[in-house]
Amino acid sequence: MRISRRAVALAAVLATVLPLSACGGGSDDGSSEASDAVKGKITFQTWNLQANFKDYFNGVIKDFEKEYPGTEVQWIDRPAEGYADKLSADAAGGTLPDVVNVSPDLVTPLAKAGLAMDLDKDETAAAYGKEYLPGAWRSHQIPGLEGTYAFPWYLNTGPMFYNKRLFEEAGLNPEKPPTTYDEVFESGLRLAEQSNGKIATLAQVPTIEDFGRYGASLMNKDGTGFTFNDAKGVEMLTRYKELFDKKALDSQALTATPESSGTKFLTESVAMNPGSALDLEKFKKEAPRLYKNIGITDQVTSTGKVNMYVMGVMVNAQTKQKATSVAFAHFVTDKTRQMSFAKQVAIFPSTKGSLDDPYFTKEDGTDETRVRIAAAKSLDSAVNYTPVLFSEQMKTELRNQVAKALQGKVSPQEALDRAVEACDKLLKQS
C-alpha cells in the first residue's frame with residue numbers, strides 16, 4: 001500500500017508555524033482478542049514531535065496513566081524524513097501503532113484497507129463526537145465510505161491581510177475590506193483601474209480550496225469523480241480571467257509560489273494576501289509603511305465558511321487494546337489537552353467552546369494575538385475544502401489548465417473539463 005505525500009507537504013507548510021505532525025508502529029501484549037477494558041500497553045507513534053514537545057507529551061502520557069491505572073503508553077517518535085514511506089511499510093507489514101496521528105488524506109488509504117477504526121461504529125468513540133466542532137469531525141470522513149476514521153485534533157487556518165493605504169487611494173473603504181469573491185473581483189478591478197494596472201489585488205491563481213469557497217461542487221458524494229467544472233466553477237475562473245486581463249491579478253501569478261506572493265505584498269504591489277503572525281513580524285522589520293497600514297480580515301469566501309487544515313488521531317482497527325486506544329486517542333484530543341497544546345504552539349483546538357476562551361478572543365496588543373483572534377473567529381464553522389482524494393498530481397493538473405484559461409489558450413469551461421478528466425483518470429489509478 002502506498003500513502004499519499006500530500007500530508008507531508010501540509011506538514012511542511014504547518015512547520016513554518018509549528019514543527020508538528022505524526023504517525024507510527026503497533027503493540028502486542030500477548031492477548032489474542034481486542035480488550036474491552038481500559039488497561040494494558042499501547043503504542044503511540046508521532047512524527048518529529050519529540051525535539052520540541054517532549055515535556056508536553058510526556059506529561060499527557062503521565063496524566064493518562066494516572067487516570068487509568070494499569071495502562072502504559074509507549075511513545076515512539078520518528079523523524080519527518082521518509083515518514084510517508086515508513087507509514088506505508090507499517091501498514092503493509094502489520095506494524096501500525098495502536099494510536100496514530102494522521103491528516104485526512106493519510107487516513108484515507110488506511111481506512112480503505114480496513115486499518116483505521118470507524119469511530120461511528122464504536123459506541124464509546126461515537127459518543128465523544130459531540131465534543132468536537134462538526135466541521136472538524138466530518139473532516140476525517142471519506143467519500144465512498146461511511147463512517148469517521150479519526151478524532152479531530154488541531155486545526156490551522158490564517159486570516160487575509162490587506163493594504164489599507166492602497167484601498168484608500170483607490171477610493172475604497174479601508175475599514176470594509178472585501179469578504180466575498182464578488183467583492184474581491186469588484187475591488188480588484190477598481191484598484192487596477194485607479195493605479196493604471198500597477199496594483200494587483202491578488203498574486204496567485206485559484207486553487208481547489210478557492211473553488212470550494214466560491215461555492216463550486218468539488219467531488220461527487222461517492223468519491224468516484226470530481227465536479228469542479230460545474231457552473232460555479234466556470235463562473236469563478238471566468239472572473240479570474242477578467243482580473244488577469246485587467247491586470248488586477250498579478251502578471252506573475254501563473255508561476256507564483258506562496259513565498260513570491262508574500263514578496264509582492266511586502267513591496268506593496270499586491271493589495272491582498274493570506275498570511276500568519278510570522279508575516280506580521282516580517283512586515284514590522286522589513287516594511288514599516290506596510291505594517292503601519294496593515295489590515296486583517298477573514299479569508300475570502302462566498303459560502304460563509306472559510307477553509308481549514310486539520311490533523312487527527314486515528315485508532316488502529318486491529319489493535320488488541322481497543323478500549324485503551326480509544327480512551328487515549330480521545331484523551332490526547334479532548335478540550336483540556338487541546339487548549340493546553342494551543343497555548344504552546346500556533347494551532348487551534350477542534351473542541352466545541354474552546355475558541356470562546358479569552359486566549360482566542362481578548363486583545364493584548366501583540367501581533368501574534370491579533371492574528372490568532374482573527375483566525376479563531378472564522379473556525380467555528382470552517383470546513384476542510386480540499387477533497388481527501390485530491391493528490392499533488394491533481395493540483396498540478398488543475399493549475400496547468402487554469403493557467404491556459406487565463407492566457408486565453410482555452411475557454412474556462414474547456415480548461416476545467418480537461419482538469420476534471422485528468423483528475424478522474426488519476427483517481428482511478430490511485
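Two strands count as paired here if DSSP finds at least two bridges between them. With that criterion stated, I turn to the structure above, which is a predicted model.

I begin with the sheet of six strands. This sheet is open, its strand order is E2-E1-E3-E8-E4-E9, and its pairing is mixed. The edges are held by strand E2, residues 71-78, and strand E9, residues 348-349; each has a single partner strand, so one side of each is left without a neighbour in the sheet. Within the sheet, strand E3, residues 99-102, pairs with strand E8, residues 309-315, in the antiparallel sense, and four bridges connect them. In this pairing, Val-102 stands opposite Gly-312 in E8. Helix H4, residues 104-112, packs on the sheet and touches both E3 and E8. The direction of H4 makes about 130 degrees with that of E3.

Strand E5, residues 160-163, is joined to E6 by three bridges, and the two run antiparallel. Here Phe-161 stands opposite Asn-273 in E6.

I now come to the aromatic side chains. The structure holds 30 aromatic pairs, and one of them is formed by Phe-57 and Trp-153. Their arrangement is edge-to-face, with 6.1 Å centre to centre and 80 degrees between the planes. Which parts of the chain does this pair tie together? Phe-57 lies in helix H2, residues 50-67, and Trp-153 in strand E4, residues 151-156, so the pair links parts that are 96 residues apart in sequence.

Finally, I consider the second largest pocket. About 680 Å³ of space lies within it. Of the 24 residues that line this pocket, the closest to its centre are Arg-138, Gln-141, Pro-143, Asn-384 and Tyr-385. By class, the lining comprises 10 nonpolar, 10 polar and four charged residues.

Note on methods
Residues numbered from 1 in each chain as written. Predicted model: local features only at pLDDT ≥ 70, side-chain atom pairs only at ≥ 80, totals over all residues. Heavy atoms only, no water. Contact = heavy atoms within 4.5 Å. Axes fitted to C-alpha atoms, helices over the stretch in contact; angles between N-to-C directions. 1 Å grid on protein atoms, 1.4 Å probe; cavity = no way out; pocket = protein on both sides within 12 Å on 5 of 7 lines; lining within 4 Å. Points joined across faces, edges and corners; volume = space filled by probe spheres on them. Nonpolar A, V, L, I, M, F, W, Y, C, P; charged D, E, K, R; others polar. Phe/Tyr/Trp six-rings, centres within 6.5 Å; stacked < 30°, edge-to-face > 60°.
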